[in-house]
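Me: Hi, I have a structure open and want to talk it through. Can we start with the aromatic rings?

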Amino acid sequence: MAQERLQKILAHAGIASRRQAEELILEGRVRVNGTVITELGTKADLSEDHIKVDGKLIRPAKNLVYLAFHKPKNCMTTTSDPEGRETVMDLIRGVKERVYPVGRLDYHSEGLLLLTNDGEFANRITAASRHVAKIYVVKVNGTLTPAQEENFRNGVPLKGRMTAPAGLKILKRAANPWYEVRLIEGRQNQIRLMFSHFGLLVEKLKRVKIGFLELGPLKAGQYRHLDAAEVGRLKKLLKMDKENSDAVDS
């Protein structure tokens, strides 16, 4: 097996997404043949090198697992939390393989979240360049003007960088209206910050769809395994045609 970047190896082994794997490396939590690695460009060979994360030797994932989960409010989209708050991993029980969240939903938000141990799948589905749409329903404490709606759709500046074009339509007109928001990127607290840019506060936020995949009847805290057809369709959307979608643990 040829050498690969360490973060890619960790992702393919089901340890974390590639972005999360980079954080593990930078935090000094990864060792290769006994040496702590903190350089992101470091390469290794899983078939020859001993690679440990937090002291645990890693091995390739035996079965690829894909879960749809209804993340409840007041729950962290992380594998652990230093403040001791509940995480999505506390609610995922009965899954033999080690999985991790794909992207994130902020603490106060709820809705559809994918979990997997397929690093390349996670990396592609979170990349804005793949244009995988995520649909949210959002309750706000005021109404955008037509001009503000247009600006919202075109993109607003967040931390010195414009957001990608977004979809926006009003679902229910009221003093506290409901909007549907469509994003292809997922910066931290993005929707809340976009409405805040126009002086509005988000009161409720729920992700209801990722690509074609809908939240459906899952109740908060529940999850289900995606079936082979759903995984295959997602991989086709992500142009992962060379992947074998038969390796689904159901």
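This is a predicted model: local features need pLDDT of at least 70, side-chain atom pairs count only at pLDDT 80 or more; totals for chains, interfaces and linings use all residues.

Me: How are the rings of Y66 and F121 arranged?
Reply: Their centres lie 5.1 Å apart and their planes meet at 75°. An angle over 60 degrees counts as edge-to-face, so that is the label for Y66 and F121.

Me: Which parts of the chain does that pair tie together?
Reply: Y66 is in strand 7, and F121 is in helix 3, residues 119–126. The pair therefore ties together parts that are 55 residues apart in sequence.

Me: Is Y66 buried or exposed?
Reply: Y66 is buried, because its relative accessibility is 1% and the cut-off for buried is under 20%. F121 is buried too, at 2%.

Me: What about F152 and F195, what's their geometry?
Reply: That pair is tilted. The ring centres are 4.9 Å apart, with the planes at 50°.

Me: And where do those two sit?
Reply: F152 belongs to helix 4, residues 146–154. F195 belongs to helix 5, residues 190–197. The pair ties together parts that are 43 residues apart in sequence.

Me: How accessible are F152 and F195?
Reply: F152 has a relative accessibility of 0%, so it counts as buried. F195 is also at 0% and buried.

Me: Which residues do ring pairs link into a cluster?
Reply: The cluster is F152, Y179, F195 and F198. So F152 and F195, the tilted pair, are members of that cluster.

Me: OK, new topic: charges. How many salt bridges does the structure hold?
Reply: It holds 13. In general, side chains of opposite charge can pair when their charged atoms come close.

Me: What is the N to O distance for E4 and K8?
Reply: It is 3.9 Å, and their side chains form a salt bridge. The cut-off is within 4 Å.

Me: How accessible are those two?
Reply: E4 has 25% relative accessibility, so it counts as partly exposed. K8 is partly exposed as well, at 29%.

Me: And D54 with R29, what's the distance there?
Reply: The N to O distance in that salt bridge is 2.8 Å. This pair links distant parts of the chain, 25 residues apart. D54 is in the loop between strand 5 (51–53) and strand 6. R29 is in the loop between helix 2 (18–26) and strand 2 (30–32).

Me: How accessible is R29?
Reply: R29 has a relative accessible area of 33%, so it is partly exposed.

Me: Let's do one more bridge. How far apart are E83 and R85, N to O?
Reply: Their salt bridge has an N to O distance of 3.7 Å. E83 is exposed, with a relative accessible area of 61%. R85 is partly exposed, at 30%.

Me: Which residues form the positive surface patch?
Reply: K56, R59, K62 and R98 form it.

Me: Where is R59, then?
Reply: R59 lies in the loop between strand 6 (56–57) and strand 7 (66–71). It counts as exposed, because its relative accessibility is 58% and the cut-off is over 50%.

Me: Where is N74?
Reply: It is in the loop between strand 7 and strand 8 (100–102). N74 is partly exposed, with a relative accessible area of 41%.

Me: And what's phi for K159?
Reply: K159 also has a positive phi, near 55°. Its place is in the loop between strand 11 (157–158) and strand 12. K159 is exposed, with a relative accessible area of 84%.

Me: Last one. How far apart are A166 and D45?
Reply: They are 41 Å apart in space, C-alpha to C-alpha, and 121 residues apart in sequence. A166 is in the loop between strand 12 (161–162) and strand 13 (167–172). A166 is buried, with a relative accessible area of 10%.

How values were computed:
Residues are numbered from 1 along each chain as its sequence is written. Side-chain values use heavy atoms; hydrogens and water are left out. Patches are made of residues with over 30% relative accessible area and no salt bridge: like charges are joined within 9 Å, nonpolar side chains (Val, Leu, Ile, Met, Phe, Trp, Tyr) within 5 Å. Accessible areas come from the Shrake-Rupley method with a 1.4 Å probe; for residues, only the protein chains shown count as cover. Lys and Arg count as positive and Asp and Glu as negative; His and the chain ends are not counted. The place of a charge is taken as NZ of Lys, CZ of Arg, CG of Asp or CD of Glu. Helices (H or I, at least four residues) and strands (E, at least two) are DSSP runs, numbered from the N terminus. Buried means under 20% relative accessible area, exposed over 50%, partly exposed in between (1.4 Å probe, protein chains only). Rings of Phe, Tyr and Trp (its six-membered ring) pair if their centres lie within 6.5 Å; planes under 30 degrees apart count as stacked, over 60 as edge-to-face and the rest as tilted.
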